[in-house]
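Student: Please show me how to read a few features in a model like this one.
Tutor: Let us take them in turn.

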Amino acid sequence: MATPDACPLVDPYWAFYWPGGQSLTRFLLDHENIVRGSAVLDFGSGCGVSSMACLSHGSRRVVINDIDRNALLASKLNLRLNGMEWNSSKIRYTNANLLESEDTHYMIQDLYKDVPVSSRLLLLGDMFYDSDFADTVFRWLKRLQSEFGVRILVGDPDRHPLTEKKLLHGYTTGFSKNLLASYALPGYVTREHYGFTSAHVYQIEF
C-alpha cells in the first residue's frame, strides 16, 4: 500500500499494483480453462503478476515484456519470492520496444508456434493511459491479430482512451471492445488511482 513518494526510485510505475493489472490477473486466476496450455505475451508487464497467474495455471510459454529493465528485475524477484522459479524454462524476459523492434515478428512467431490459435494470448494491463500511444498500440495489435490470431485481453479501469467517444472515433484503427468481467477496487486503490472504483477486463477484436 506504499505511495509513490515513499519509493527510492524515480517514477517506479512497475512497483505498484495498478487497477487494470489487478482485474486482468484476477480474471486469469478465475479462468484456468483460458490459461492452461496457452502461449502468452505480457506486454508492458510491470511487476509481472499477470504472467505469474498464467504460469500458475499451466501456460506453456510466457514472454514478459517491459521497456524498463527494473520492471523485469521486479518480475524475476516476484516469481522467486512466490516459489515459481521452477518455471524458468517456460519464461523469456525482454525489454525490447515491441512496437518498433524489427525482431518482434520472429520472437512472437516463436512464442506462438505449435500452439492453437485459441490459446495464443496477448495481455495488456493499464496500457491505455494516453490517446496517441493508444492509437499506436491499436495499429500494432491489429497486425498481430491478423497474422497470429491472438486473443487480446485488456485490463483497465476505463480511462479516457478506452471510453471517450471522440477519442474512439479518432483512432486510425477501428476495434470492438467486449466486456468479460468487472471487479470492485479496494478503497486504498481508489484513493491512489484518481477515484476509479472498479476495473474491467475486455477482449479486443479488430
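Tutor: Ser38 is in contact with Gly58, Ser59, Arg60, Arg61, Ser119 and Leu121, leaving aside its neighbours within four places in sequence. Contact means heavy atoms within 4.5 Å. This is a predicted model: local features need pLDDT of at least 70, side-chain atom pairs count only at pLDDT 80 or more, and totals for chains, interfaces and linings use all residues. Residues are numbered from 1 along each chain as its sequence is written, and side-chain values use heavy atoms, with hydrogens and water left out.

Student: Is Ser38 buried or exposed?
Tutor: Buried means under 20% relative accessible area, exposed over 50%, partly exposed in between (1.4 Å probe, protein chains only). Ser38 has a relative accessible area of 0%, so Ser38 is buried.

Student: Where does Ser38 lie?
Tutor: Helices (H or I, at least four residues) and strands (E, at least two) are DSSP runs, numbered from the N terminus. Ser38 lies in the loop between helix H2 (32–35) and S1.

Student: How many bridges pair S1 and S2?
Tutor: Two strands pair if DSSP finds at least two bridges between them. S1 (residues 39–43) and S2 have five, in the parallel sense. Val40 has Val62 as its bridge partner in S2.

Student: Which strand do four bridges join to S2?
Tutor: Strand S3 (residues 91–94), and the two run parallel. In S3, Tyr93 is the bridge partner of Ile64.

Student: Which way do the residues of S2 point?
Tutor: Arg61, Val63 and Asn65 point one way, Val62 and Ile64 the other. Five of the five residues in S2 (residues 61–65) are buried.
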